[in-house]
Amino acid sequence: MSFWGLLLIGPALAGILDKGDPEKGKALYADQCAVCHSIKPGIHGHLGPTLAGVMGRRAGSVSDYDFSPAMAGDGRIWTPEALDRYLEDPKASLPGGRMKFFGLKDAFERADLIAFLKQISER
Ligand code: HEC
């Protein structure tokens, strides 16, 4: 990536997002997400939709889950960058969304978690 490309994306994203550790992400998922989400295909969690196959999927599109109108009508694709923005601050990233999660402020932790979500989506 060019110098100007790095400047545009910003230091928080440049590089960090590609270097996540899925093993650390798995532990973070167990600690912070599993209470509401599952990673089993077709089986939703206690409150949230399954995260199986989430990477590359359109937001709010998994079947048999009742998304908020905000999420269902949003249309964003869950790329690593989109997940990074959402997980940092779900409320700001998706006004009207229903995920009651305060956000993960540490960019390295987000990268680990996203590496894990990528890994489970490739299975
Ligand atoms: C308190 C419960 C709760 C916690 C904790 C939680 N979520 Fe969620 N999550 C939800 C709900 C509810 C939705 C659906 C939001 C909507 O419809 O607006 C959601 C939606 C999502 C989506 C969008 C899924 C899709 O198919 O479009 C992603 C991605 C996601 N959560 C990831 C995470 C991750 C990663 C964590 C852990 C850091 C986490 N969530 C923690 C409840 C939770």
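**Close-up views of a predicted helical chain**

Of the 123 residues in this chain, 41% are buried, where buried means under 20% relative accessible area, exposed means over 50%, and partly exposed lies in between (1.4 Å probe, protein chains only). The model is predicted, so to speak of a local feature takes a pLDDT of at least 70, side-chain atom pairs count only at pLDDT 80 or more, and totals for chains, interfaces and linings use all residues. Residues are numbered from 1 along each chain as its sequence is written, and side-chain values use heavy atoms, with hydrogens and water left out.

**View 1. The chain has six helices and zero strands.** Read from the N terminus, the elements go α-α-α-α-α-α. Helices (H or I, at least four residues) and strands (E, at least two) are DSSP runs, numbered from the N terminus.

**View 2. Y29 and F116 form an aromatic pair.** Searching the whole structure turns up four aromatic pairs. For a pair, rings of Phe, Tyr and Trp (its six-membered ring) need centres within 6.5 Å; planes under 30 degrees apart are called stacked, over 60 edge-to-face, and the rest tilted. Here the ring centres of Y29 and F116 are 5.5 Å apart and the planes are at 40°, so this pair is tilted. It ties together distant parts of the chain: Y29 belongs to helix 2 (residues 22-32) and F116 to helix 6 (residues 107-122), 87 residues apart. Both Y29 and F116 are buried.

**View 3. W78 and Y86 make another tilted pair.** Their ring centres are 5.0 Å apart, with the planes at 40°. W78 is buried, at a relative accessible area of 6%. Y86 is buried too, with 7% relative accessibility.

**View 4. The ligand sits in the largest pocket.** To find pockets, a 1 Å grid is laid over the protein atoms alone: a cavity is a set of points where a 1.4 Å probe fits but cannot get out, while a pocket is an open set with protein on both sides within 12 Å along at least five of seven lines, and lining residues have an atom within 4 Å of a point. A molecule "sits in" one if more than half of its atoms lie within 2 Å of its grid points. Which residues come nearest to the ligand? Of the 27 around it, they are C33, C36, H37, S68 and M99; a residue is near if one of its heavy atoms lies within 4 Å of the molecule. The shell has 18 nonpolar, six polar and three charged residues. Ala, Val, Leu, Ile, Met, Phe, Trp, Tyr, Cys and Pro count as nonpolar, Asp, Glu, Lys and Arg as charged, and the others, Gly among them, as polar. Helix 4 (residues 80-88) gives the largest share of the shell, three residues.

**View 5. Oxygen atoms of the ligand lie by polar atoms of the protein.** A polar contact is a pair of N or O atoms within 3.5 Å; within protein, one must be able to donate a hydrogen and the other to accept it, and residues adjacent in sequence count only if both atoms are side-chain atoms. S68 uses a polar side-chain atom, 2.5 Å from a ligand oxygen. With G60, a polar backbone atom is 2.8 Å from a ligand oxygen. R98 also has a polar backbone atom 2.8 Å from an oxygen of the ligand.

**View 6. The side chain of S121 reaches the backbone of V54.** S121 is in helix 6. Its side chain comes to 3.2 Å from the backbone nitrogen of V54, and a polar atom of that side chain is 3.1 Å from the backbone nitrogen of M55.

**View 7. D64 has a positive phi.** The angle is about 65°, although D64 is not a glycine. Most residues other than glycine have a negative phi. D64 is exposed, with a relative accessible area of 75%.
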